[in-house]
Amino acid sequence: MTNLLTQDLVWFDPDHIGTQHPELFEGLREHWKRSLWIIYVTVFANRSTKPGRYKMAVVVKNESIRIEKLELGPFGTNTYILTCPKTSMSAVVDAPGEADKILERLKGTNPKCILMTHNHMDHVGALLELKSKLSVPVAVHSADAGNLPLEPDQNLSDGDVVSIGEIQITVLHTPGHTPGSLCFLTGSYLISGDTIFPGGPGKTWSPAAFKQIVESLTSKIFVLPDETEVYPGHGGATTLKKEKQNFDIFSSKPHDPKLCGDVVWLSS
Ligand SMILES: [Zn+2]
Ligand SMILES: [Zn+2]
């Protein structure tokens, strides 16, 4: 009896499972992660925002593209809906939560895909529901594919071009905030996920990741024209002209080699 009990308890000791049965530990971890997703998606991400808090705006509208921004989910993360006015084909960038609101705004368009800037929890809460209702491919960089609540349909790489009707979206791989972070460029509009915000880069969790995000920005983003409009994963827009100026000031000063976290170009 004692032996049985001890044996049973051992199965619940993660250290024991981790060392003796790594495959089981991995399985349990996956199971636990999936359970967390279900809790997050059902309890938080798709809970409707109070009417006053729900923000929606058409941020770009011309003869070749329409971009609509919705702030959704418990963290007010931005979803962007890109629509080709000539063909009515559309693409959704990120799926933070409140799938019903995204579906409502997609009415009258022909959705072709869901593009993911990265795999963080605050960007993916509506993914399962959107995928099941729209039946369109979910595309993400392979380095961020593992932590999504579903198996993505398509891997995106740097330089790929996604066509939505007559809209051409160029994929830029900009690692740093996450290993698989992507920015999406169409004409002079950049949907930047959590790679760049007004005043600074996205959060990084190590000095190496900070160096990586700076390298991504200098090699892929700051080489784009000044007039490029930047639409990030949280908050309002900025222009590359402003961000290049802020970054020039930052890079003209010495910095702690251990710098990372929430870096602000003008005060870090
Ligand atoms: Zn993020
Ligand atoms: Zn985010």
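Two strands pair if DSSP finds at least two bridges between them. Helices (H or I, at least four residues) and strands (E, at least two) are DSSP runs, numbered from the N terminus. The model is predicted: local features need pLDDT of at least 70, side-chain atom pairs count only at pLDDT 80 or more, and totals for chains, interfaces and linings use all residues. Residues are numbered from 1 along each chain as its sequence is written, while chains are lettered from A and ligands numbered from 1 in the order in which they are written.

View 1. The chain has 268 residues, and 40% of them count as buried (20 or more other C-beta atoms within 10 Å of the residue's own; exposed means 12 or fewer, partly exposed in between; C-beta atoms are placed from the backbone). Take the contacts between residues at least 6 apart in sequence: 53% of these join residues at least 24 apart. A contact means C-beta atoms, placed from the backbone, within 7 Å.

**View 2. Seven strands build an open sheet.** Their order is E1-E2-E3-E4-E5-E6-E7, and the pairing is mixed. Strand E1 (55-61) and strand E7 (154-156) each have a single partner, so one side of each lacks a neighbour in the sheet. From one strand to the next, the twist averages 25° (angles run from 0 to 180 degrees between N-to-C directions; axes are lines fitted to C-alpha atoms, for helices over the stretch in contact). Strand E5 (residues 110-115) runs parallel to strand E6 (residues 138-141), and 2 bridges join them. Across this pair, Leu-115 faces Ala-139 of E6.

**View 3. H4 and H5 cross at roughly 40°.** The axes of H4 (residues 99-106) and H5 (residues 127-134) come within 9 Å. H4 is therefore oblique to H5 (under 35 degrees counts as roughly parallel, over 145 as roughly antiparallel, 65 to 115 as roughly perpendicular, and the rest as oblique). The crossing is right-handed: the near helix is turned clockwise from the far one by less than a right angle. H4 contributes Ala-99, Ile-102 and Leu-103 to the contact; H5 contributes Glu-129, Leu-130 and Lys-133. By class, these are 4 nonpolar, no polar and 2 charged residues (nonpolar: Ala, Val, Leu, Ile, Met, Phe, Trp, Tyr, Cys and Pro; charged: Asp, Glu, Lys and Arg; polar: the others, Gly among them).

**View 4. Ser-88 and Asp-94 have positive phi without being glycine.** Ser-88 sits in the loop between E3 and E4. The phi of Ser-88 is near 65°. Ser-88 is partly exposed, with 13 other C-beta atoms within 10 Å. Asp-94 belongs to the loop between E4 and H4. The phi of Asp-94 is about 70°. Asp-94 counts as buried, with 29 C-beta neighbours inside 10 Å.

**View 5. Six strands form another open sheet.** The order is E8-E9-E10-E11-E14-E15, with mixed pairing. Strand E8 (161-164) and strand E15 (238-239) are the edge strands, and each pairs on one side only. Strand E14 (residues 229-232) runs antiparallel to E15, joined by 2 bridges. In that pair, Val-230 stands opposite Thr-238 of E15.

**View 6. E8 and E9 form a hairpin.** The turn has 2 residues between the strands, and Gly-165 there has a positive phi of about 60°. E8 and strand E9 (residues 167-173) pair in the antiparallel sense over 4 bridges. Ile-164 has Ile-167 of E9 as its bridge partner. On to E10: E9 and strand E10 (residues 182-186) run antiparallel, joined by 4 bridges. Here His-173 faces Leu-182 of E10.

**View 7. Leu-266 lies in the segment after helix H7 (240-251).** Leu-266 counts as exposed, with 12 C-beta neighbours inside 10 Å. Leaving aside residues up to four places away in sequence, Leu-266 touches Gly-199, Asn-246 and Ile-249. Leu-266 and Asp-248 are 18 residues apart in sequence, and their C-alpha atoms are 9.6 Å apart in space.

Terms used: Contact = placed C-beta atoms within 7 Å.
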